[in-house]
Amino acid sequence: MTMLLDRSPGFGVYIHWPFCAAKCPYCDFNSHVRHQPVDQERFACAFETELATMRARTGPREVTSIFLGGGTPSLMKPQTVATVLDAVAKNWTVPDGIEVTLEANPSSVEAERFRGYRAAGVNRVSLGVQALNDKDLRFLGRLHNVEEALHAIGLAREIFPRLSFDLIYARPGQTPEAWQAELEQAIGHAADHLSLYQLTIEEGTPFHALHAAKKFAIPDNDHAADLYALTQEITSAHGLPAYEISNHARPGAESRHNLTYWRYGEYVGVGPGAHGRFVENGRRTVTIAERMPETWANLVEAKGHGVTGGEILTRSEEADEFLLMGLRLAEGIDLTRYEAFSGRGLSTARLSVLQDEGLVAPIGNARLRATPAGMIVLDAVVADLAR
């Protein structure tokens, strides 16, 4: 995968499928449960229409990755996925073999569709496993059990060239010993990529209300930091080092699409609640779509797109976003590119203080990265540098 080595930001296409079989209590993504079958043909047509509208805005581009996220894209029929991928290829140049990822849940019914997705052009699956014990899967509101998860992982490894799966740690009562055992079990099943997220309590979710009512407790900051450090140690020892705060891969198997976000590339977002960021008329433009699926579809049918919000970023805002995204990466940021966005270099005085505190480190003369200690307090590091 030599294309990753040049660190080019890339141009991605993100498709948001907003429907889920059930809403997980920790999730604050734009996802919706429908108790009647979704009119997939209608949504496929709406995706086609909005993709064409976005092509008119971006002009001709070469796509470096496509990501079908959600929601639960594995509730899509393979034909729906094929229709969407064909529409992307009609609008932009899509070279053979680029990364095409679909998020999937490990239920057996969805796993049976894997061969259909592969035939449609998907070559990478990201499985929402989240835990490898049934008690915690129930706590997290997942519909699958461990047996189904391991079956889906095995099937995905057979069918798709690339596979990633997610786990959530820092769960209530989780000890370092328990997490180490679970993580090592996960690595034994992993192909080349793992996404490992700390459980966070997001406002507006059922977990937020339950946590506020003291129905459960999550590890405090010190315990969570210990679990994070343990995660880095174990994954590195097994050849899956972190290339981003929460993402781990064998060298060359990093997610091309996610790297586009973190390297501050451009991407089109299509579908209910999708965000996009691309350069239009020389300025970086943000698009935000209507979140309610049926309302979004009505808007697309009426005017060709469901975009209801967004903005044109100032150079200063671009520079701040570039810092915030790029310092999440182990490779850090290109200082020359930061200067091109901001019109100035980073403050040498602030850099010196942060280096003395062991929170950032130079990579040669051209790049800057956050240290492992800096990653734990990255928001504060970025805020200090951006002042």
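Does F114 count as buried or exposed, and at what relative accessibility? At 0% relative accessibility, F114 counts as buried (buried: under 20% relative accessible area; exposed: over 50%; partly exposed: in between; 1.4 Å probe, protein chains only).

The model is predicted: local features need pLDDT of at least 70, side-chain atom pairs count only at pLDDT 80 or more, and totals for chains, interfaces and linings use all residues. Residues are numbered from 1 along each chain as its sequence is written, and side-chain values use heavy atoms, leaving out hydrogens and water.

**View A. Stacked pair of Y14 and F67.** The structure holds 18 aromatic pairs (ring centres of Phe, Tyr or Trp, the last by its six-membered ring, within 6.5 Å; planes under 30 degrees apart are stacked, over 60 edge-to-face, the rest tilted). In the pair of Y14 and F67, the centres are 6.1 Å apart and the planes form an angle of 25°. Because Y14 belongs to strand β1 (residues 11–17) and F67 to strand β4 (residues 65–70), the pair ties together parts 53 residues apart in sequence (strands: DSSP runs of E, at least two residues; helices: H or I, at least four; both numbered from the N terminus). Both Y14 and F67 are buried.

**View B. Edge-to-face pair of F114 and F160.** The ring centres lie 5.5 Å apart with the planes at 70°, so the pair is edge-to-face. F114 lies in helix α4 (residues 114–120) and F160 in the loop between α6 (146–159) and β7 (162–169), so parts 46 residues apart in sequence are tied together. F160 is buried, with a relative accessible area of 4%.

**View C. Aromatic cluster.** One cluster is formed by W17, F19, F43, F47 and W296.
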